[in-house]
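User: I am new to this structure and would like to learn how to read a few of its features. Could we go through them one at a time?

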Amino acid sequence: MAIENPSAPTRRPPTSPPGQGDRGWLLYVVLALVAAFLLGRPGPSGTQMAYSDLKAKIAAGDAAEVQLSRDKLTVIPKKAQKAGERWVAYRVEDPDLVKLIEKQGVKYSGASDGDWFTNLLMVWLLPIGVVLFFWMIMFRRMRPGAGIMSIGRSRAKLVAEEGTGITFEDVAGVDEAVDELREVVEFLRSPERFRRVGGRIPKGVLLVGPPGTGKTLLARAVAGEAKVPFFSLTGSDFVEMFVGVGAARVRDLFERAQSKAPCIVFIDELDAIGKARSGAGAFASHDEREQTLNQLLSEMDGFDARKGLIIMGATNRPEILDPALLRPGRFDRQVLVDRPDVRGREAILRVHARDVRLGPEVDLRAIAAITPGFAGAELANIINEAALLTARRGKDHVTMSEMNEAVERVVAGLEKKNRVMNPREKGIVAHHEAGHALLAEVLPTTDRVHKVSMIPRGLGALGFTMQIPLEDRYLMTRPELLDKITVLLGGRTAEQLVFGEISTGAQDDLVRATDLARRMVSQFGMSELLGPQSFAIPEGLAEGARMLRGLGLQPERGHGDRTQEIIDREVAGVLRRAEERARSILEGNREHLVRLAARLREKEVLEGTELREILAGAHAPEPAVEPGTEPQEERWEQPLPH
Ligand code: ADP
Ligand code: ZN
Ligand code: MG
């Protein structure tokens with residue numbers, strides 16, 4: 001339950017470092033060396049004894065056979081205690097030995113001290129192996145994530161498809177994105193026509209949205225619709241390559257694509273290459289990515305868009321992209337691919353249910369209704385699970401029981417935040433968001449509501465209310481700040497008003513409201529009681545203060561305990577008054593609130609215009625109460641910092 005600015009970044013845990021798998025070959029090399037070493041060794045070496053003892057045994061006639069090598073004297077005894085018994089001694093300089101053996105009439109032969117393989121291994125391969133091993137380790141230290149083998153078999157495969165065979169029919173629930181991409185398809189189909197008319201030709205289209213919402217699918221659908229070749233590369237594969245290889249690949253990609261135009265070049269997971277370039281003093285390990293990025297930028301600048309080459313990219317972290325990538329002439333067109341609403345989810349389920357036999361009673365709308373926040377990939381997964389369950393149970397069509405179990409399975413595989421909401425929770429979230437939205441609409445200074453949604457977005461949020469500022473703001477006045485805090489507290493207040501209790505869903509709202517209130521009082525001098533003072537820790541000392549706090553120490557304040565007490569009371573006062581105000585406005589517009597919540601529950605997402613229709617006639621509130629002008633129960637004379 002959050003209030004969002006459209007520009008607020010959606011965070012995602014970083015992808016697991018690539019290149020984990022390619023350490024395996026090293027293990028094989030070591031194992032092979034050890035195995036070869038063991039196998040190549042001569043058989044059991046036998047009972048060691050002193051040379052003189054062994055010679056005495058031969059002289060005594062105990063030897064059945066003798067083997068002589070440069071180093072060893074090996075005797076096979078006449079009366080062996082156990083099978084294969086050998087007596088062995090290291091040879092000494094003894095010219096009489098052979099004479100002695102001949103005198104005994106024993107069969108003797110020469111032998112080598114080990115076969116050529118063992119020698120080769122011990123003398124050459126093992127040391128080389130050891131050197132290689134340490135070299136590898138050092139190499140890895142220097143460039144984490146870079147594998148030596150990737151020179152030969154880079155994982156950044158260039159995938160070229162003549163036609164993807166995927167169309168917009170295969171994509172559902174993201175109609176706005178599809179509409180925007182139709183123009184790209186038109187252009188690819190007949191670039192000459194666009195050229196004649198002189199229309200603006202798209203060059204780079206960036207698909208932005210959470211994982212699993214169908215970005216890759218959409219890119220392939222564009223190629224399929226336009227019936228043009230599709231070249232794709234995945235950004236994360238570049239990360240583990242040698243310096244220069246990524247750039248060479250990008251060059252190669254563009255060369256090949258240009259000869260095939262009209263076509264699409266798709267760079268998936270663009271953020272892996274396109275992270276903002278680091279400044280001076282960067283680590284060596286960034287070199288590769290930066291070279292690749294630079295190459296990509298120069299290729300994008302270099303080609304002639306009129307030929308019909310379109311670059312598409314996909315990312316779920318647009319906020320970390322290098323700004324250079326988003327400049328005109330590069331990825332200047334961005335298409336939002338958002339999580340689907342109820343209707344969208346139903347449509348996606350329907351797309352994937354095409355190849356599955358559904359029983360007549362299966363209600364996909366009901367499944368869509370219990371899965372807010374699910375992306376297309378998860379919905380596809382539900383259908384797939386249901387089909388598997390059906391097959392396992394030997395049924396010939398999917399029934400509602402398999403569907404429900406499939407939902408549970410998919411939910412179990414997701415993080416907690418994506419679990420299915422029960423009806424009561426849905427009611428609470430709907431009223432919570434309606435509370436934010438209503439206040440944002442009726443309060444005089446707040447930004448207009450662009451969209452209210454019950455579809456979870458980001459970590460911990462259950463819904464969001466998106467406000468669009470009418471103009472860029474640099475300053476905020478006190479009434480504006482108070483209104484903002486009131487909106488933030490509105491979600492929780494609405495819950496309390498309608499359900500009589502407060503849920504845990506307002507935590508983030510509280511954090512932000514408290515932060516604003518504290519800054520009003522302690523930084524902006526907006527407390528009547530404390531006057532124009534700033535109690536903030538000066539910019540230059542903030543870092544030190546943070547460190548002290550990290551060590552569990554209290555950084556020294558510029559003011560006394562009593563002043564601190566007043567600051568805390570003032571902050572609490574601002575928040576309390578804002579809550580009161582939220583309550584009285586919501587109470588006065590209770591019908592509107594309930595109607596809005598009901599509509600939201602049904603549709604999950606409401607656009608600003610629809611919202612304003614529902615809220616038509618909601619009362620404007622009484623003017624904001626200026627906290628300072630209120631009678632104070634208790635006044636401190638003149639709280640001054642000591
Ligand atoms: P992304 O690239 O956004 O992470 P993908 O395009 O790889 O997501 O989606 C993975 C799979 O999920 C697709 O192959 C498709 O089967 C399914 N899917 C995702 N979004 C949709 C959608 N909007 N419509 C139909 N299927 C979808
Ligand atoms: Zn909220
Ligand atoms: Mg993808």
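User: Does E346 count as buried or exposed?

Analyst: Buried means under 20% relative accessible area. This is a predicted model, and in it E346 has 10% relative accessibility, so E346 counts as buried. R350, at a relative accessible area of 46%, is partly exposed.

User: What links R350 and E346?

Analyst: A salt bridge links R350 with E346, and their closest N and O atoms are 2.9 Å apart. As for spacing, an α-helix has 3.6 residues a turn, so residues three or four places apart point the same way. Here R350 and E346 both belong to helix α11 and sit four residues apart, about one turn of the helix.

User: Which residue forms a salt bridge with R345?

Analyst: The partner of R345 is E604, with 2.7 Å between the closest N and O atoms. R345 lies in helix α11, while E604 is in the loop between α20 and β15, so the pair ties together parts that are 259 residues apart in sequence. Both R345 and E604 are buried.

User: How many salt bridges are there?

Analyst: The count comes to 28 salt bridges. One of them joins the side chains of E402 and K395 at 2.7 Å, N to O. E402 has 0% relative accessibility and counts as buried, whereas K395, at 36%, counts as partly exposed. Through shared partners, salt bridges join E385, R393, K395, E402, E405 and R409 into one network.

User: Where do polar atoms of the protein come close to ligand 1?

Analyst: An oxygen atom of ligand 1 lies 2.7 Å from an N or O atom in the side chain of K215. Another pairing sets an oxygen atom of ligand 1 at 3.0 Å from a polar backbone atom of G214. A nitrogen atom of ligand 1 is 3.2 Å from a polar backbone atom of T213. On its own, ligand 1 has 550 Å² of accessible area, and the protein covers 77% of that.

User: What span should helix α15 have?

Analyst: At 1.5 Å a residue, the 20 residues of α15 should span 28 Å, and its end C-alpha atoms are 28 Å apart, which agrees. Of those 20 residues, 16 are buried, so α15 is largely enclosed by the rest of the structure.

Terms used: Residues numbered from 1 in each chain as written. Chains lettered and ligands numbered in written order. Predicted model: local features only at pLDDT ≥ 70, side-chain atom pairs only at ≥ 80, totals over all residues. Heavy atoms only, no water. Helix = DSSP H or I, 4+ residues; strand = E, 2+ residues; numbered from the N terminus. Expected span 1.5 Å × (residues − 1). Buried < 20%, exposed > 50% of the residue type's maximum accessible area, 1.4 Å probe, protein only. Polar contact = N/O pair within 3.5 Å; in protein donor to acceptor, adjacent residues only side chain to side chain. Areas by Shrake-Rupley, 256 points an atom, 1.4 Å probe, with all protein chains shown as cover. Salt bridge = Lys/Arg side-chain N within 4 Å of Asp/Glu carboxyl O.
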